[in-house]
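Here is a short note for a colleague opening this entry for the first time. Please read the points in order, with the model in view.

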Amino acid sequence: MAVDLLLGLQWGDEGKGKIVDVLTQNYDIIARFQGGPNAGHTLIFDGFKHVLHTIPSGIFHKTAMNVVGNGVVIDPVIFKKELENLEKHDIEYVSKLLISRKAHLILPTHRLLDAASETSKGKAKIGSTLKGIGPTYMDKTGRNGMRVGDLELENWKEKYDALTAKHLSMLNYFDVQVDYNLAELEAEFCKGIDKLRTLQFIDSEEYLNNAMKEKKTILAEGAQGSLLDIDFGTYPFVTSSNTTAAGACTGLGVAPNKIGEVYGIFKAYTTRVGSGPFPTELFDEDGATMGRVGNEFGATTGRPRRCGWLDLVALKYAVDINGVTQLMMMKGDVLSGFETLKVATSYNYKGKEITHLPYNIEPENVTVNYTEFKGWNADLTKMTSAESLPKNLLDYIDFIEKETGVPVKIVSVGPDRKQTIMR
Ligand code: GDP
Ligand code: IMO
Ligand code: MG
């Protein structure tokens, strides 16, 4: 069987956690392929809200196996907390959570370097979640990193000490003050490692390729969004991994010809948390309404998310680079009550009207041309069938399908697992 992918098409927080949870009933295995605890994936069902950072969003189902792939970076301290949250809800995970030996570890000093780097950038800061993501992927590509498989070596602590010592000397390079207590950080890290060791470490590429041969169904879960991709995102205001479809191949060891459906998920509007350009951002009452009704606060950092209109120029770009075969539109309910809705359909760039995403999308380089739509005023959150959706919403969806050339197969009308309409 092929591997299906689910990934975010905007700047993250599209609702990946919710939809992976909904789709898990159709899959034997859910596998995360990149990112780390910078992600916050929210799942709501049976009156409880769960936020997962590194653990795949299939973990609440009885039989699905969950794999943390080689492309993921793991902070044992945060991972331990995630596991303890599962224990609080009596979720058995030991038998259904597998960790790639090739996944890299986030050391406490990676987090310190992240903080020093951000502080030293001043106004030009990325707006990182400060989870140590950038420094850990730097050590990976710089061939200095520590991997989960290293924990099986007798001298793992020596490796850890050597890398930590290097990081501490690097901290001196930054002309900023970072306060820390190394002994405390290490004690916490070692407890996290002990907890991680209660799980099974595997060669996940072999596991997944064997599973495909045995005709098992696999869903790869992305983190962040396409516009945060290290290559194709709004560099340098991006994360440090490939969040796009190609990242699933390298992050799991799945060949490109083994990819099946590519589910692209987007909000009916746009949000972004952290710094960087955002052409359709709103600074008025409409943006404030989206933030308030959509409860737009980061699931990992609690920061308010910036809000704006749907950007079809950017969405079409994301559809192309990912080869999206099915779209999923989230949070349509949040737009109920707007008299008029706007969708970005072209940019003005260097004196010309263009419909592709150019190299520079800062405000001094692009202005946006919008197409307007009539809004709808209905409570979508109780609707359960596509037929019951308001006509103006269906027109909005039609337009998106025509522009992207891809069908919208799921319309999400609320945060709960049940508030999901299949088309
Ligand atoms: P992820 O990172 O892509 O998994 O998304 P997050 O969990 O960070 O953010 C999505 C937020 O929107 C969460 O608070 C979800 O509970 C919520 N959410 C998801 N789908 C819907 C929807 O259709 N309507 C509303 N109102 N909220 C939604
Ligand atoms: P999920 O999986 C939204 C953003 C940060 C910052 C930039 C770099 O929940 O959609 P990093 O910590 O990676 O160094 O931050 O990327 N960012 C996210 N924004 N959702 C996420 O994940 C994000 N992960 C990172 O805000 O702008
Ligand atoms: Mg999130």
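1. Start with ligand 2. The space that ligand 2 takes is the largest pocket. Keep in mind that this is a predicted model.

2. Which residues come closest to ligand 2? They are Asp 13, Lys 16, His 41, Thr 129 and Thr 239, out of 21 residues that surround the ligand. By class, this shell holds 10 polar, 8 nonpolar and 3 charged residues.

3. The side chain of Thr 239 places an N or O atom 2.6 Å from an oxygen atom of ligand 2. Asp 13 uses its backbone: an N or O atom there lies 2.8 Å from an oxygen atom of the ligand. Val 273 also uses a backbone N or O atom, at 3.0 Å from an oxygen atom of ligand 2. How much of ligand 2 does the protein bury? The figure is 97% of the 550 Å² that ligand 2 exposes when taken alone.

4. Now turn to ligand 1. Ligand 1 sits in the second largest pocket. Two elements each give two or more residues to the shell around ligand 1: helix H1 (16-23) and strand S3 (41-45).

5. The shell around ligand 1 has 20 residues, and the nearest are Gly 15, Lys 16, Thr 42, Asp 333 and Ser 412. How do the residues of this shell divide by class? There are 7 charged, 7 polar and 6 nonpolar residues.

6. The polar contacts of ligand 1 deserve a look one by one. A polar backbone atom of Lys 16 is 2.7 Å from an oxygen atom of ligand 1. Asp 333 brings a polar side-chain atom to 2.8 Å from a nitrogen atom of the ligand. In the side chain of Arg 305, an N or O atom is 3.2 Å from an oxygen atom of ligand 1. On its own, ligand 1 has 580 Å² of accessible area, and the protein covers 93% of that.

7. Where does Thr 217 lie? It is in the loop between helix H7 (204-213) and strand S10 (218-225). Is Thr 217 buried or exposed? Its relative accessible area is 18%, and the cut-off for buried is under 20%, so Thr 217 counts as buried. The side chain of Thr 217 also reaches the backbone oxygen of Asn 26, at 3.4 Å.

Technical notes
Residues numbered from 1 in each chain as written. Chains lettered and ligands numbered in written order. Predicted model: local features only at pLDDT ≥ 70, side-chain atom pairs only at ≥ 80, totals over all residues. Heavy atoms only, no water. Near = heavy atom within 4 Å. Polar contact = N/O pair within 3.5 Å; in protein donor to acceptor, adjacent residues only side chain to side chain. Areas by Shrake-Rupley, 256 points an atom, 1.4 Å probe, with all protein chains shown as cover. 1 Å grid on protein atoms, 1.4 Å probe; cavity = no way out; pocket = protein on both sides within 12 Å on 5 of 7 lines; lining within 4 Å. Sits in = over half its atoms within 2 Å of the grid points. Nonpolar A, V, L, I, M, F, W, Y, C, P; charged D, E, K, R; others polar. Helix = DSSP H or I, 4+ residues; strand = E, 2+ residues; numbered from the N terminus. Buried < 20%, exposed > 50% of the residue type's maximum accessible area, 1.4 Å probe, protein only.
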